Structure formats: C-alpha cells, structure tokens
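Q: Could you take me through this model, showing how a sheet and its pockets are read?

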Amino acid sequence: MEIERKYLVTSPPENYESFPHHFIEQGYLSTDPVVRVRKEDESYILTYKSKGLLAREEYNLPLNEDSYHHLISKTDGCVLTKRRYLIPVEHCDHLTIELDVFEGRYKGLMLAEVEFESLEEAHSFTPPSWFGKDVTLSGEYQNSRLSQMP
C-alpha cells in the first residue's frame with residue numbers, strides 16, 4: 001500500500017541540489033488502471049497502481065533494459081523526465097521528501113511527495129515551510145495525468 005501526500009513547490013530549499021538524486025524517465029501504458037514503465041538511473045520497473053489519491057495499492061516488477069525500451073515505445077501521451085532529490089524530513093528519521101524537478105515538457109514544475117507508514121501519520125504530517133499547496137486530493141498533479149495533458 002502506498003500512502004503519500006503531494007505538494008507543489010515554488011521555492012525549494014537553496015541546497016536541494018546537494019542531496020542524493022536519481023534521474024527518472026517514465027511513461028504510461030494505461031492510466032485507468034495506472035500501468036507505468038520507469039527507468040530510474042540504470043534500473044527498470046513496471047508498476048501497477050490501483051485507484052486512489054492519498055492511499056492506493058502499488059505493485060512493482062523489475063524489467064530488463066530491452067523490455068523497458070520495448071514497452072516505453074508503446075506508451076500513450078508524453079514520456080516524463082525528472083530528477084528526484086531525496087531530502088530527509090527534519091526530526092523524523094524514517095520519512096524522506098522526494099522532490100521531483102521536472103525536465104522536458106514540464107521544465108520548471110516541482111512537486112514534493114512524502115510517503116507514510118499509515119493514514120494517521122499522513123494526516124498528522126506538518127509540511128516544511130518551503131512546501132506549497134497540498135495537491136494530494138486534487139489528482140491534478142498525478143504523473144499519469146500529466147503524461148496525458150495536450
């Protein structure tokens with residue numbers, strides 16, 4: 001089960017580029033249900049996600065490079081590219097902020113996600129001051145939706 005909240009970011013912390021990061025390229029074979037293929041650095045993953053905004057089932061299966069290239073060529077919409085910075089949440093050693101800084105079509109868009117162990121933890125989370133609007137429940141900034149925008 002994936003439980004996460006998502007926020008728009010307009011003013012990231014000055015030092016965000018000093019944190020570890022991954023380069024991500026992903027496309028969608030389906031958006032209902034969500035079936036995604038992703039390259040993260042040199043790893044390849046096929047993901048299924050059930051419906052939901054704050055909480056939903058998620059299954060990840062490893063792919064090899066050939067399978068990834070075959071499947072990414074069959075995706076609908078645009079392929080998303082971004083750098084994901086991993087920033088620890090202050091005073092909470094088990095939570096990490098995933099700051100996605102988009103490239104390509106959505107260059108300039110920044111979204112922060114935090115994944116939680118329980119719904120209670122998600123509801124009681126106090127975001128850092130640099131987080132912008134909570135867009136978790138709007139669905140407007142789900143990557144699957146962004147990939148289908150004209």
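The dialogue below turns to the sheet and then to the pockets of this predicted model.

Q: In what order do the strands of the open sheet lie, and how are they paired?
A: In general, the strands of a sheet pair through backbone hydrogen bonds, either parallel or antiparallel. Here nine strands form an open sheet in the order β5-β1-β9-β8-β7-β2-β3-β4-β6, and the pairing is antiparallel. Because β5 (55-56) and β6 (58-63) stand at the edges with a single partner strand each, one side of each is left without a neighbour in the sheet.

Q: Which helix packs on the sheet, and which strands does it touch?
A: Helix α1, residues 65-72, packs there, touching β2 (21-31), β3 (34-40), β4 (43-49), β6 and β7 (76-88), and its direction makes about 130° with that of β3.

Q: How many bridges join β8 to β9?
A: Five bridges join β8 (residues 96-102) to the antiparallel β9 (residues 110-115), and Ile97 stands opposite Val114 in β9.

Q: What volume has the largest pocket, and which residues lie nearest its centre?
A: Rolling a probe the size of a water molecule over the atoms shows where empty space is left. The largest pocket has a volume of about 400 Å³, and among its 28 lining residues Glu2, Glu4, Arg36, Lys49 and Glu113 lie nearest the centre. By class, its lining divides into 15 charged, eight polar and five nonpolar residues.

Q: How does the lining of the second largest pocket divide by class?
A: That lining has eight nonpolar, two polar and one charged residues, including Phe19, Ile97 and Trp130, and the pocket holds about 150 Å³ of space.

Methods. Residues are numbered from 1 along each chain as its sequence is written. This is a predicted model: local features need pLDDT of at least 70, side-chain atom pairs count only at pLDDT 80 or more; totals for chains, interfaces and linings use all residues. Side-chain values use heavy atoms; hydrogens and water are left out. Two strands pair if DSSP finds at least two bridges between them. Helices (H or I, at least four residues) and strands (E, at least two) are DSSP runs, numbered from the N terminus. Contact means heavy atoms within 4.5 Å. Axes are lines fitted to C-alpha atoms, for helices over the stretch in contact, and angles run from 0 to 180 degrees between N-to-C directions. On a 1 Å grid over the protein atoms alone, a cavity is a set of points where a 1.4 Å probe fits but cannot get out, and a pocket is an open set with protein on both sides within 12 Å along at least five of seven lines; lining residues have an atom within 4 Å of a point. Grid points are joined across faces, edges and corners, and a volume is the space filled by probe spheres set on the points. Ala, Val, Leu, Ile, Met, Phe, Trp, Tyr, Cys and Pro count as nonpolar, Asp, Glu, Lys and Arg as charged, and the others, Gly among them, as polar.
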